[in-house]
Amino acid sequence: MSALAMVRPKTTSEVSTVLRLCHEASQEVVVVGGGTGPVAGAEPTANRIAISLERMNQIESVDPVNASCIVQAGACLQTVQEAVAGYQLLFPLDLGARGSCTIGGNISTNAGGINVLRYGSMRSLVLGLEAVLSDGTVVSSMNKLLKNNAGFDLKQLFIGTEGTLGIVTRTVLRLFPQQSDRRTAMVALRGFDEVAELLQLAKLKFGTMLSAYEVMWKSYLEEQLRFNGRRSPFEERHAFYVIIETEGADSQLNEAVLTETLEAALGDDIIADAVIAKSEQERRSLWDLRENLEPFLSDKPSFGYDVGVPIGDMPDYVKLVESNLKCRWPDSICYTMGHIADGNLHFFIKPGRKDARREDCDEDVYGALESFGGTISAEHGIGYEKRAWLLRTRSAEEVAMMRSLKNALDPKGILNPGCVFE
């Protein structure tokens, strides 16, 4: 990281003072969080002041009756999860970077993760927030109500806008009852049609108990096994693998519904095989096969992607991407997995050539999206990395409105300049 200076405020008032002074001097600033974002969304440079909220990391209060908590933006996601668990409450946002990413970063990108199917993305989990505008004005909308239609919902201006409209300093998060029983299974399937069919069956049979449905293409799982020297949970190789997770208060009911549903799916030839975790260690072992990204990032160059595609179009889209890559780089390998239930796919691409350029890979991945009505970002944002592609998945009118908001709230353009669009 290279910056003109680093500022580490401890209160909203201090953030306000910093921004007021920077605004008066037309000094560019960039907010840095946990450093886990993959789209270059926070890029300090030699002419910018970096603002770190690492000292604003307190969980100010937990309200079990209102099922909410007040948290400072620099708090680590895992710290929040563990703190509210002591009240038998759950903050359901969950992703592999839970131990490093911050709540402010999660808000800035509208983070999704593995539990979106049941609880929604960050946009659904923020009841209220406090933010500082570019001129130092503090907008405090620390709403604790689930329903509040009094005028515009101003917090939405700061969720998913990547620190370009204001700096979030504090937030009110929505919590849920901690479920006493969790069941996890990994399922092997022969084709993508069966993956989609099992998803519909799981929604029907599990209802609100279904919290996660994660798919891995064969190459993804096999690279995990090879890299880590692990044995497959299954005796035979299969085209797709899905992790299903359910949560509920009744352990017997939860176990029975999961077991009966998988047995029925096996009998109807929807699935080829299944294993159910019998302990937390076995559960964690299954999730490690999905969450450990080291096998895909260890070789250089390697390129990661986060895209959104309608579920029914996923197999054709993935085949087109793989075909594009093979035409460009015959030795390339594309590893695919995703939060399929919300249309989110992740690619990890090893081009097999040291001179491979990210820009060429972008063309093969993002260019293939247009005919499927997909998006270049499902949960990680645009940052600096994807801004050249924004007009390929957003209309000119939409981008013009985004610019209007930016100009209205940050007329001098000092907040995270160049992020999202030039």
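Mentor: Gladly! A cavity is a set of grid points where a 1.4 Å probe fits but cannot get out. Keep in mind that this is a predicted model.

Trainee: How many cavities of 30 Å³ or more does the count come to?

Mentor: The count comes to one. The largest cavity has a volume of about 40 Å³.

Trainee: What makes a residue part of the lining of the largest cavity, and which element gives the largest share?

Mentor: A lining residue has an atom within 4 Å of a cavity point. Residues that line the largest cavity include Gly113, Tyr213, Glu214 and His339. Helix H4 (116-119) and strand S12 (210-217) are the elements that give two or more residues, and the largest share, three residues, comes from S12. By class, the lining has seven nonpolar, three polar and two charged residues.

Trainee: Why do we say that the buried residues of H11 line one face?

Mentor: Buried means under 20% relative accessible area, and in H11 that label goes to Met314, Pro315, Tyr317, Val318, Val321 and Leu325. Seen down the axis of H11, these buried residues fall within an arc of 165°, so they line one face of the helix. On the other side, Lys319 and Cys327 are exposed.

Trainee: What covers the buried residues of H11?

Mentor: Among the covering elements are helix H6 (192-206), S12 and helix H12 (358-366).

Terms used:
Residues numbered from 1 in each chain as written. Predicted model: local features only at pLDDT ≥ 70, side-chain atom pairs only at ≥ 80, totals over all residues. Heavy atoms only, no water. 1 Å grid on protein atoms, 1.4 Å probe; cavity = no way out; pocket = protein on both sides within 12 Å on 5 of 7 lines; lining within 4 Å. Points joined across faces, edges and corners; volume = space filled by probe spheres on them. Helix = DSSP H or I, 4+ residues; strand = E, 2+ residues; numbered from the N terminus. Nonpolar A, V, L, I, M, F, W, Y, C, P; charged D, E, K, R; others polar. Buried < 20%, exposed > 50% of the residue type's maximum accessible area, 1.4 Å probe, protein only. Arc of directions from axis to C-beta. Contact = heavy atoms within 4.5 Å.
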